[in-house]
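Good morning, and thank you for coming. Today I would like to speak about pairs of charged side chains.

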Amino acid sequence: MKTVKSDPAVFTAPLSPDFPSLWDRWSKVITLVWRVAFGMRLDDWQVELLRHVLELCPPGHPRAGQLRYRQVIISLARQNGKTELAAILGLIGLLRKANSLVIGIASSAEQARIVYKRTQRAIYGTVLRKQFQRLTDTRGIEGTNGTIYELKAAKGAALQGLPVDTGVVDEVHLLKTELWVALVNGLGARPNGIVVGITTAGDEESELLKSLYENAQNAAQGDPQLESFGAFIFEAPEARVPDDDAELLQYLRAANPALASGRIDPELLLADVRAMPKPDILRYRLNRFVESVNAFLPLSLWGSAQRSLDDTFPKDARPIFTIDVTPDERYASITVTAKRGDIFYTELVASIVNPRLSQLEDIATRLNKHNPRAFVMDNFGLLKALGASLKKKGYKMMLLNQSDQMASSARFYALMSQKKVKHAGDILLTVQMPGTKRKNIGERFRVINSGAGQIDAVIATMEGIYAAETLPEPTGLQVF
């Protein structure tokens, strides 16, 4: 890639130095459309990557003039324009030949729709509009030449028997193998069919992506049986996070071609990265595989957040009381959280063995005398009953769902890294913290118990800080 300032670590070289590409036929149109529809210019690395993905077999080749690749894997860190690449490939799939079928899929319908709507917007209000007779939000795009773009569910059965000409797969690391196989089988023996997967790195549970990476390595090494398999993987040279900022920036440039090309501000990216958990830095910023379960918070980081004796809990701030109960309902913890400026103060109020609903109701009644901003808890099991009871009494409540719980974990880590949390050094939290692990759930993670003990005090601490950051200051009676 001569014009790219960051080359892929794994790269299938073209069949000829001055290789022909289908991109050359559509480059001027796509460039114009993107400028009109989005007011943006494609990066040089994106243009060069698209040229390689759409390489044509050269004269003298048995398939001369046809698309070289039947399967392509593109892997790069987050926020490098994956949506643009996917949308452009889908649009070219619609334009390149009559009566073709373009299929867009992702791990979730919402993510697939993001790419779909990008393609749709590129058509609306541009020179391409007259070539399409139907543009719906959910039921497909249809060209005047019989081409169709459809979204499909991330299920292999939904793809069985479809005569696919172009498949665009987002978030390959979250998809199951049978879905990819169904798409590839849909190409049949027809020439110029292509399935392109665009992704970031995964973990040991990403079976499909691991197999595609293996093919990518072999294809890049010139395996003749994989001549029609394209691989373009941007990743850091090692699966580690350098302590030195200059070295970390080098690693980031390797995995982030948008950074290497100058579109991303290196200082802003570095500041963002330093506030992230190391597994997330490795996976989403350095584009390296990680384990699905990792330690959550370094004890050194927790220890450094303990406040001094003269730095007292802000008594003048309205508190937030958070209650968590272990899954077996044998233990419960209650924390208090308050915010002063941009600093979050937290400490343990109570630890209860074999908690009963009536007991927790009595404690909440006494705590309510402190005029709290809210009582915070999840909405499951014993806490569901407690939440319903306190809500009936008119107490200010924030009931958390699973999405809130995952968000609280991420925000807690970020605030700890930014030194915006101060705790009282409660022994129970210090004991529980080492047994707190993070488990990858799709693109997010949740905190789990490693099996070494309970983590109810940790959960209550995280959720209390999340509530203190999320809830507006109440001006009257509010129920959340």
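Let us begin with D44, which pairs with R41 in a salt bridge whose closest N and O atoms are 3.1 Å apart. Please keep in mind that this is a predicted model. D44 has a relative accessibility of 40% and is therefore partly exposed. R41, at a relative accessible area of 60%, is exposed.

Let us turn to another pair. K97 and D165 form a salt bridge through their side chains, at 2.9 Å from N to O. This pair links distant parts of the chain, 68 residues apart: K97 is in the loop between α3 and β3, and D165 is in the loop between β6 and β7. Is D165 buried or exposed? Its relative accessibility is 6%, so D165 counts as buried. K97, with a relative accessible area of 27%, is partly exposed.

My last pair is K439 and E205, a salt bridge in which the closest N and O atoms lie 2.6 Å apart. K439 belongs to strand β17 and E205 to the loop between β8 and α6, so their pairing ties together parts that are 234 residues apart in sequence. K439 is buried, because its relative accessible area of 17% is under 20%. E205, at 49% relative accessibility, counts as partly exposed.

To place these examples in context, the count for the model comes to 21 salt bridges. In general, side chains of opposite charge can pair when their charged atoms come close.

Conventions: Residues numbered from 1 in each chain as written. Predicted model: local features only at pLDDT ≥ 70, side-chain atom pairs only at ≥ 80, totals over all residues. Heavy atoms only, no water. Salt bridge = Lys/Arg side-chain N within 4 Å of Asp/Glu carboxyl O. Buried < 20%, exposed > 50% of the residue type's maximum accessible area, 1.4 Å probe, protein only. Helix = DSSP H or I, 4+ residues; strand = E, 2+ residues; numbered from the N terminus.
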